[in-house]
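Trainee: I would like a close look at one metal site, and then at what surrounds it in the chain.

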Amino acid sequence: MGEIFKGIGKIQYEGPQSTNPLAFKHYNKDEKIGDKTMAEHLRFAMSWWHTLCAEGSDPFGEDSASRPWNQITNPIEAAKAKVDAGFEFMEKMGIDYFCFHDRDIAPEGKDLAETNANLDIIVAYIKEKMAATGKKLLWGTANCFNNKRFMHGAGTTCNAEVFAYAAAQIKKAIEVTKELGGENYVFWGGREGYETLLNTDTGLELDNFARLLQMAVDYAKEIGFTGQFLIEPKPKEPTKHQYDFDTATVLGFLRKYNLQDYFKMNIEANHATLAQHTFQHELNMCRINNVLGSVDANQGDLMLGWDTDQFPTNIYDATMAMYEILKAGGLTTGGLNFDSKVRRASFEEEDLFIAYIAGMDTFAKGLKVAHKLLEDGVLENFVADRYASFTEGIGKDIVDGKVGFKELEAYAMKQAPIKNVSGKQEWLETVVNQYIYNQA
Ligand code: XUL
Ligand code: CO
């Protein structure tokens with residue numbers, strides 16, 4: 001298509017005092033934070049769907065933006081133009097990774113065979129672009145929620161014909177992800193839930209969902225796909241109740257069906273808040289269970305009950321997210337994928353750049369603050385002191401499994417009056433704020 005984002009050059013780092021809307025204020029990709037560069041820590045990714053496919057429509061209104069690459073009538077040519085736009089965007093933004101659903105990159109054909117053939121054409125085109133630019137695929141996934149065939153679900157449908165179709169679609173999506181060297185493969189259960197229990201066999205649906213995931217595990221082994229499988233929890237929307245409600249629920253499911261060794265989580269900030277959790281809570285649950293895979297970086301509107309997928313600008317949330325990520329040992333095969341969309345009224349192409357800069361700067365600043373917090377051991381030292389009673393005496397006996405109810409009763413009968421110590425929440429909140437204010 002030739003240059004698409006005319007008048008916008010490569011986005012540069014200009015430092016915290018810059019007032020240039022098209023410059024980074026905190027994200028300085030080669031700057032070292034601890035032993036890794038910012039780019040290595042943050043592993044930013046562009047989401048194909050929100051960045052290249054979405055044009056501002058919502059349930060009440062038509063598109064507000066018409067992207068030039070989507071104006072081409074031939075669907076394969078339009079898909080190629082979208083690839084051109086995506087790679088130019090990543091290049092200008094300095095983003096190394098991208099993520100897609102199968103249907104984001106190539107149009108459906110008249111049947112599955114033609115749809116797969118369309119995918120092959122675009123995958124070959126993307127592969128060429130990857131080789132020329134060094135951009136990488138963070139994860140691929142199958143869109144088993146948009147087409148009306150999935151009205152009752154995909155892996156959790158009541159219709160075995162649909163289950164078979166979904167399995168075939170996911171098989172192809174895993175093959176494509178492998179072909180492009182994808183580091184992960186995501187399962188987000190868009191329709192894997194129910195609208196009413198009056199017509200739903202939840203037992204069969206969950207068993208079948210586990211069967212589908214087991215088939216994916218088996219097939220990945222068979223074809224030598226070594227990327228990490230991820231499940232992206234979300235409690236609701238589009239279904240009233242989604243089975244992959246949150247990290248704790250997904251872990252219970254995986255353990256029941258003996259799938260726990262094959263899946264980690266892809267945590268999305270706005271999904272966490274829809275489940276009435278903080279973003280940090282979900283990352284924390286992943287960290288302590290060793291299942292932190294990747295992150296869909298966005299933010300919701302806490303006053304709304306749906307997924308608004310806004311670009312992340314909340315510095316406090318980003319700091320605490322990076323704190324959990326660093327404590328977990330960092331994003332290994334994962335990354336920070338902007339599953340975020342510009343607001344409907346931010347319809348100009350420049351707004352895409354401004355939005356990504358806002359998100360990347362927020363996480364870069366969060367990374368710097370979180371690194372410093374950890375380096376100084378502020379919260380760690382406080383927490384260690386708070387639980388010190390479990391490192392000696394009766395507390396150590398509890399942790400070591402040396403005592404049961406009877407021994408503890410005997411101990412409690414003779415113990416001195418119990419003294420507690422303040423949790424100092426307000427003080428800790430002040431300290432975190434000070435780190436945010438004082439970190440350049
Ligand atoms: C939907 C959502 C998806 C997944 C991939 O809420 O987050 O875009 O990230 O299917
Ligand atoms: Co997501």
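Which residues coordinate the cobalt ion (ligand 2), and at what distances?

Mentor: The model is predicted, so local features need pLDDT of at least 70 and side-chain atom pairs pLDDT 80 or more, while totals for chains, interfaces and linings use all residues. Residues are numbered from 1 along each chain as written, chains are lettered from A and ligands numbered from 1 in written order, and side-chain values use heavy atoms, without hydrogens and water.

Glu232 (OE), Glu268 (OE), Asp296 (OD) and Asp339 (OD) coordinate the cobalt ion (ligand 2), at 1.9 to 2.1 Å. Donors are N, O and S atoms within 2.8 Å of the metal (3.2 Å for Na, K and Ca); water is not among the atoms, so sites may look incomplete. The cobalt ion (ligand 2) has six donor atoms, with angles of 80 to 172 degrees among them, and its site is octahedral (six donors, opposite ones over 155 degrees apart and all others between 65 and 115).

Along the chain, the donors of the cobalt ion (ligand 2) are spaced E-x35-E-x27-D-x42-D. Helices (H or I, at least four residues) and strands (E, at least two) are DSSP runs, numbered from the N terminus. The loop between helix H10 (279-289) and S13 holds Asn290, which has a positive phi of about 60 degrees although it is not a glycine.

H12 also packs on helix H3 (residues 75-93): their axes come within 11 Å and cross at roughly 45 degrees. H3 is therefore oblique to H12. Angles under 35 degrees count as roughly parallel, over 145 as roughly antiparallel, 65 to 115 as roughly perpendicular, and the rest as oblique; they run from 0 to 180 degrees between N-to-C directions of axes fitted to C-alpha atoms, for helices over the stretch in contact. The crossing of H3 and H12 is right-handed (the near helix is turned clockwise from the far one by less than a right angle). Phe89, Lys92 and Met93 of H3 touch Leu352, Phe353, Tyr356, Ile357 and Met360 of H12, where contact means heavy atoms within 4.5 Å. Seven residues of the contact of H3 with H12 are nonpolar, none is polar and one is charged.

One more backbone detail: the peptide bond from Glu237 to Pro238 is cis, with omega near 10 degrees. Pro238 is in the loop between strand S10 (228-231) and strand S11 (241-242).

Key: Four donors count as tetrahedral if all angles lie between 85 and 135 degrees; four count as square planar and six as octahedral if opposite donors are over 155 degrees apart and all others between 65 and 115; anything else is irregular. Ala, Val, Leu, Ile, Met, Phe, Trp, Tyr, Cys and Pro count as nonpolar, Asp, Glu, Lys and Arg as charged, and the others, Gly among them, as polar.
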